[in-house]
Amino acid sequence: MHLELPIAFEVGSLILLTLILVADLLIVFKRPHVPSMKEASLWVAFYVVLALIFAGLMLLFAGGEYAGQFLAGWLTEYSLSIDNLFVFVIIMARFSVPRKYQQEVLMVGIIIALVLRGVFILLGAQLIESFSWVFYIFGAFLLFTAIKQAFGKEEEGDGENGLIRWLRRRVTISDDYDGAKVRTVIDGRKVLTPMIIVFIAIGTTDLIFALDSIPAIFGITQSPFIVFTANVFALMGLRQLYFLLGGLLERLEYLKYGIAFILFFIGVKLVFHAMHTNELPFINGGEGIAWAPEIDTWTSLGVIIGSMAIATIASLIKAASDAKKRGHTLREEVPHFTED
């Protein structure tokens, strides 16, 4: 199915989203601060409501199927983006980023993620248009990623990849931060600050996560417009969600299994779709495999919501139980960010 939306709706949506992102960016850089729980909650709620309004407009202009595709794609990307937050927490701690400037780091990371995902979306759409068998590859990749996510050992690295180590050997980097600046002056000489290292770490992390998220959402919809807008809405509230969840992130023990199940489910869905529309001559003589089921959008939406709900609730129950064994409540153990 091809998306049938008025061009004015698509163009208007992209312009409005760009203006919101620019306004958010200006607010962050003009007033660097640590948002309170109330502020973070309001911003997260704002972006969630905005996404739901957009889904309502999709329903109005294109019908339930496309609205469902957007919701499923948005929730999938939102789930995978939350997985990003775990890595962001590690990066912030590893490089001792001042809390006051973490918003700028996250905003830059989000912009990098949008650019990278935009490129991957264009490439992915072109591949799908030219080679339908690419769904086999996407599906196999997601199945592998899901198994690795669920059963692979977590690597405890120092947060520095080869690119960062290469940069350290060739340029002078100061020991201290100078606000959110990537360059500063020490003894009359311009040098880079550790912030450049943080930006590179965030950027390379976003690149890795884009490799997972784009094949996943193409398993929900093949519309580049829906794919891109779902990514934008998922990433827009990510910065505030980081501050809202705070120390709770590390206690969501079972979240990775929920995300792994979603990736596995979409991987299976992609393989079934590839089999159903098969054109490879060495598989079933180049004919589609009739028994291969096509999993509909609303089933996908139900699986995504159910997986994340079960994983989150189970994690909170486990975290509360562990806190009780230590003689505390979960609320007492989770640090809250304030503006102090």
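Reply: Phe282 sits in the loop between α10 and α11. Helices here are DSSP runs of H or I with at least four residues, strands are runs of E with at least two, and both are numbered from the N terminus. Phe282 counts as exposed because its relative accessibility is 67%. The classes are buried for under 20% relative accessible area, exposed for over 50%, and partly exposed in between, with a 1.4 Å probe and protein chains only. From Phe282 to Arg31 the C-alpha distance is 60 Å, and the two are 251 residues apart in sequence.

This is a predicted model, in which local features need pLDDT of at least 70 and side-chain atom pairs pLDDT 80 or more, while totals for chains, interfaces and linings use all residues. Residues are numbered from 1 along each chain as its sequence is written, and side-chain values use heavy atoms, with hydrogens and water left out.

Helix α11, at one end of the Phe282 loop, covers residues 297-325. A salt bridge is a side-chain nitrogen of Lys or Arg within 4 Å of a carboxyl oxygen of Asp or Glu.

In total the structure holds three salt bridges. One of them joins Arg117 to Glu77, with the closest N and O atoms 3.0 Å apart. Arg117 is in helix α4 (residues 102-130) and Glu77 in helix α3 (residues 64-94), 40 residues apart, and the pair links distant parts of the chain. Both Arg117 and Glu77 are buried.

Ile196 gives another view of the fold, in helix α7 (residues 194-218). Leaving aside residues up to four places away in sequence, Ile196 touches Leu167 and Val182; a contact means heavy atoms within 4.5 Å. Ile196 and Val108 are 88 residues apart in sequence, with their C-alpha atoms 11 Å apart.

As for the whole chain, it has twelve helices and two strands, in the order α-α-α-α-α-α-β-β-α-α-α-α-α-α. The radius of gyration is 21 Å, close to the 20 Å of the globule rule for 340 residues, so the chain is as compact as a globular protein of that length. That radius is taken over C-alpha atoms, and the rule is 2.2 Å times the number of residues to the power 0.38. Along the principal axes, the C-alpha atoms fill a box of roughly 70 × 50 × 40 Å. Of the 340 residues, 49% are buried. Among contacts with a separation of 6 or more, 79% are between residues 24 or more positions apart.
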